[in-house]
Amino acid sequence: MNRPLRSALRTAGAALLATAALAASTLLGATPASAAPAGLPGMDVSSWQGNVNWQGAWNNGARFAYVKATEGTGYTNPYFAQQYNGSYNVGMIRGSYHFARPDVSSGAVQADYFVNHGGGWSKDGKTLPGALDIEYNPYGATCYGLSQASMRSWIASFVNQYKARTGRWATIYTTTDWWSTCTGNTSQFAANNPLWIARYASSVGTLPAGWPTYSFWQWASSGTFPGDQNVWNGTLDRLKVLACNGPC
């Protein structure tokens, strides 16, 4: 994911690491989880991970993966094919995600860019609905210069267009803090869009309004698997139901 912490840790000097870590604990939870939460283990990756050893991740227990496909309307992950196809080929249920840039174009335009560059969906039992990564802006203003009402409209534009293109409602990845700050803690997406919550703490904490539970929890930025560490809140059979949008 593109959280400011991730950029800071890769670009700042050693003197800035403590500051970045403190900022991350404030944004994502005060104390990183010491052990994986209950649920089906999985991971998410981007170009930062390069070519991933998918067989190794599978052997260590990962059963699903989200892979970054696109950002805004001008970036595609150069490792996308290796990551997206490689996870599939070892048996994982996998999906792709789009890092939102509400400051550069409309939600519908970015949904089209996502679908056209790896964000599609097929009822094969191994493809998750695409995910919208909507979170802290690593390039500027936290809410990308949008009001809460405008942000809600932007997200609606994206998920509605994604649904029109693929037949699926996109998963929404966010943090409770960002969601509250930038959308006014709206509940309007909870009925249709699965929640992928990011919080690096021993408990998932308060969820954004409307979601009674989470579907995915990103609970650490490193660990057993390459990339971020995640769990699916259920069994493998239930994850297959999400992948298939019902029975396959």
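This is a predicted model: local features need pLDDT of at least 70, side-chain atom pairs count only at pLDDT 80 or more; totals for chains, interfaces and linings use all residues.

**Asn59**

I checked Asn59 first, which is found in helix 3 (residues 54-59). Its relative accessible area is 55%, so I put Asn59 down as exposed. I then looked across to Val90, 31 residues apart from Asn59 along the chain. The C-alpha atoms of the two are separated by 9.5 Å.

**Helix 6 by itself**

Next I listed the buried residues of helix 6: Met151, Trp154, Ile155, Ala156, Phe158, Val159, Tyr162 and Thr166. What do they pack against? I got strand 4 (93-99), helix 5 (107-116), strand 5 (131-133), strand 6 (171-174) and helix 7 (176-183).

**Helix 6 with helix 5**

I took the helix 5 side next. The axes of helix 5 and helix 6 come within 7 Å and cross at roughly 40 degrees. That makes helix 5 oblique to helix 6. I logged the crossing as right-handed. On the helix 5 side, the contact is made by Gly107, Ala108, Gln110, Ala111, Asp112, Phe114, Val115 and Asn116. Helix 6 brings Trp154, Ser157, Phe158, Gln161, Tyr162, Arg165 and Thr166.

**Gln110**

Gln110 lies in helix 5, and I wanted a closer look at that side chain. Is Gln110 buried or exposed? Its relative accessibility is 0%, so it counts as buried. I found a polar atom of the Gln110 side chain 2.6 Å from the backbone oxygen of Arg101. Leaving out residues up to four places away in sequence, I saw Gln110 touching, among others, Gly72, Thr73, His98, Phe99 and Arg101. Trp154 and Phe158 are also among the residues it touches, and both are on my list of buried residues in helix 6.

**Helix 6 with helix 7**

Last, I turned to helix 7. Helix 6 and helix 7 pack at an angle of about 115 degrees, with their axes 7 Å apart. I therefore wrote the pair down as roughly perpendicular to each other. Here Gln148, Met151, Arg152 and Ile155 in helix 6 meet Trp178, Trp179, Ser180, Thr181, Cys182 and Thr183 in helix 7.

Notes: Residues are numbered from 1 along each chain as its sequence is written. Side-chain values use heavy atoms; hydrogens and water are left out. Buried means under 20% relative accessible area, exposed over 50%, partly exposed in between (1.4 Å probe, protein chains only). Helices (H or I, at least four residues) and strands (E, at least two) are DSSP runs, numbered from the N terminus. Contact means heavy atoms within 4.5 Å. A polar contact is a pair of N or O atoms within 3.5 Å; within protein, one must be able to donate a hydrogen and the other to accept it, and residues adjacent in sequence count only if both atoms are side-chain atoms. Axes are lines fitted to C-alpha atoms, for helices over the stretch in contact, and angles run from 0 to 180 degrees between N-to-C directions. Angles under 35 degrees count as roughly parallel, over 145 as roughly antiparallel, 65 to 115 as roughly perpendicular and the rest as oblique. A crossing is left-handed if the near helix is turned anticlockwise from the far one by less than a right angle, and right-handed if clockwise.
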